[in-house]
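Have the viewer open and follow along.

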Amino acid sequence: MTIIRPPAVAGTFYPADADLLRSEIDGLMGAALHADAAQNTAIPKAIIVPHAGLMFSGSLAALGFATVRALKGQIKRILIIGPAHRMAFQGIALAKADGFATPLGTMRCDLLALQTALSLPQVQMLDDAHKLEHGLEIELPFIQRLFGENTDIGIVPLLVSRCSPRQVNEVIEKLWGGPETLIVISSDLSHFHDYDTARRMDGNTRNMIENFDAENIGSDDACGALPVAGMLLSARMRKMRIETLGMRNSGDVTGDKSRVVGYGAWALYEESSQPMITPDNTEDNFAKATEDLIKAHGPAMLDLCRKSILHGLETGAPLHVSPGEVAPALAAPGVCFVTLKKSGQLRGCIGSIIAHTDLATDLCENAFKAAFRDPRFAGLTQDEINDDLELSISVLSPPHPFPFKSQDDLIARLTPFEDGIILSDGNRRGLFLPQVWDQLPDPGDFVAHLKRKAGLPMDYWSNTMQAQRFITRGIAGRDVTPSGFWRDA
């Protein structure tokens, strides 16, 4: 059975009558094709266009689409990536649909590309996110009128919610394709500020986009900050050229400048003569190296922790190992957290943030401290050493500054189940490993409880708050030995 996603905003964001819609789109495209910004003979690989109602931002969207008019007859696939407005969820969402309909007809979905996207862990099928969403739908009539209402172009509609720019970038890169593929990033700019404030904020956003500043563009700057940032990561890596096509806000249309929404359009061009920059993907490098480390030495790492705890029961001190007693990879500097759980409940968790010794020593010391020196719990007893006691190790990447503009911005920038966060204010500091997301999946709750761990009220906030971000890779005793883990080898 063929599944078609029906129009959700026909009659509100754009006319529901097909003839009226054609007339309006054609008028916008006609004006755009005569604009100076559309006269460049180069053809973009990607465009960033707004997604408000046609009367507000249609002229800017048309500018973006006008730059790709020469792709008619060549383009076979269009990625359309925008923010989820109607519901929050983890990651990036596809719709279970064979096509998306507008009053001008139905555009088929590129099902092969959707399956490719679904192979990534951050991508899921979530119909509810798409049902009332306007941010992707508003771009479809432009595509239909520009390339033909009966065109066989396949679309890849992607809605972005709680994830990182890097995860968006991973999808973009996986579906990059060649000259047959166009990328459309759908985003408005600032929301609901007075006219002068909006112009100032949107000008700053323009500078960030033109300077490929993927790290600092946030949800206050653009509702589609994550899709834009993901695209900017690709543009920077591929040494693309960015051109600003135009900017305005709703106050320029309605005359009401008390509370406006900003809009902009950009074209991103590949420079074929320029070599691609090899990205310094520090996190990716850490993740791969640590996964290889755990694959090769995970059982030995767990055994060091186990032996250190058993040694602590007998002597009151952690196990000491010399570099010559362990594999060279474990004799190298490293940082870890060791966690103990009893009957599934936390029983101790201690770790390091900055490397101060070799990884083997850090494992032994933190295992001992988790068992006997965590101030929240009494020291572990011999009676607790059984199969009900679980031990796990998390190896930490170096922490990096995690900038934000406000508490809402901090919450919006978090990537659940991936981010480890160190939150501090003055001499107060709290750290949550990524595993904490299992108990606190809501980013607002995560931040509130992290403040409490730092010794601050859960509703506390100040402009001096700072955060650092890290990621982890880990292994648990049950991954190696389902039972009998604590028996001395």
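**Asp-202 and the overall picture**

Asp-202 is buried, at a relative accessible area of 4% (buried is under 20%, exposed over 50%, partly exposed in between, with a 1.4 Å probe and protein chains only). Bear in mind that this is a predicted model, where local features need pLDDT of at least 70 and side-chain atom pairs count only at pLDDT 80 or more, while totals for chains, interfaces and linings use all residues. Residues are numbered from 1 along each chain as its sequence is written, and side-chain values use heavy atoms, with hydrogens and water left out.

**Around Asp-202**

- You'll find Asp-202 in helix H7 (residues 195–210); helices (H or I, at least four residues) and strands (E, at least two) are DSSP runs, numbered from the N terminus.
- Skipping neighbours within four places in sequence, Asp-202 is in contact with Leu-189, Ser-190, Asp-221, Met-247, Gly-262 and Tyr-263, where contact means heavy atoms within 4.5 Å.

**The chain as a whole**

- The protein chain has 15 helices and 20 strands.
- Its C-alpha atoms fill a box of roughly 85 × 45 × 45 Å along the principal axes.
- Of its 489 residues, 54% count as buried.
- Take the contacts between residues at least 6 apart in sequence: 78% of them join residues at least 24 apart.
- UniProt, in an unreviewed entry, lists residues 296–486 as "domain: AMMECR1"; positions there follow the numbering used here, feature names are shortened, and annotations may be inferred rather than shown by experiment.
- That 296–486 span is 31% helix and 24% strand, and its end C-alpha atoms lie 21 Å apart.

**Aromatic pairs**

- Seven aromatic pairs turn up in the structure; rings of Phe, Tyr and Trp (its six-membered ring) pair if their centres lie within 6.5 Å, with planes under 30 degrees apart called stacked, over 60 edge-to-face and the rest tilted.
- Phe-417 and Trp-437 make a tilted pair, at 6.3 Å centre to centre and 45° between the planes.
- This pair links distant parts of the chain, 20 residues apart: Phe-417 is in the loop between helix H13 (407–413) and strand S17 (420–425), and Trp-437 is in the loop between strand S18 (428–432) and helix H14 (443–453).
- Phe-417 is partly exposed, at 43% relative accessible area, whereas Trp-437 is buried at 0%.
- Phe-485 and Trp-486 go edge-to-face, with 5.0 Å between centres and 90° between planes, and both residues are buried.
- Ring pairs also tie Phe-417, Phe-432, Trp-437 and Phe-446 into a cluster.

**Charges over rings**

- Arg-238 puts its charged end over the ring of Trp-176, 3.9 Å from the centre; a charge sits over a ring if NZ of Lys or CZ of Arg is within 6 Å of the ring centre and within 35 degrees of the ring normal.
- Lys-257 lies over the face of Tyr-195, 4.2 Å from the ring centre.

**Helix H1 and its packing**

- Helix H1 (residues 18–33) packs against helix H5 (residues 140–147) at about 75°, with the axes 10 Å apart; axes are lines fitted to C-alpha atoms, for helices over the stretch in contact, and angles run from 0 to 180 degrees between N-to-C directions.
- H1 and H5 are therefore roughly perpendicular, the label for 65 to 115 degrees, with under 35 roughly parallel, over 145 roughly antiparallel and the rest oblique.
- On the H1 side, Leu-21, Arg-22, Ile-25, Asp-26, Leu-28 and Met-29 meet Pro-141, Phe-142, Arg-145 and Leu-146 of H5.
- Gly-30 is also in H1, and is partly exposed at 27% relative accessibility.
- Gly-30 and Ala-62 are 32 residues apart in sequence but 8.6 Å apart C-alpha to C-alpha.

**Backbone and loop spots to check**

- Phe-192, in strand S10 (residues 191–193), has a positive phi near 65° despite being a residue other than glycine.
- Phe-192 is partly exposed at 46% relative accessibility.
- Lys-239 isn't a glycine either, yet its phi is positive at about 55°.
- Lys-239 is in the loop between helix H8 (225–237) and strand S11 (241–249), and is partly exposed at 31%.
- Ser-397 is in the loop between strand S15 (389–396) and strand S16 (400–401), and is buried at 4% relative accessible area.
- Leaving out neighbours within four places in sequence, Ser-397 is in contact with Phe-286, Phe-470 and Ile-471.
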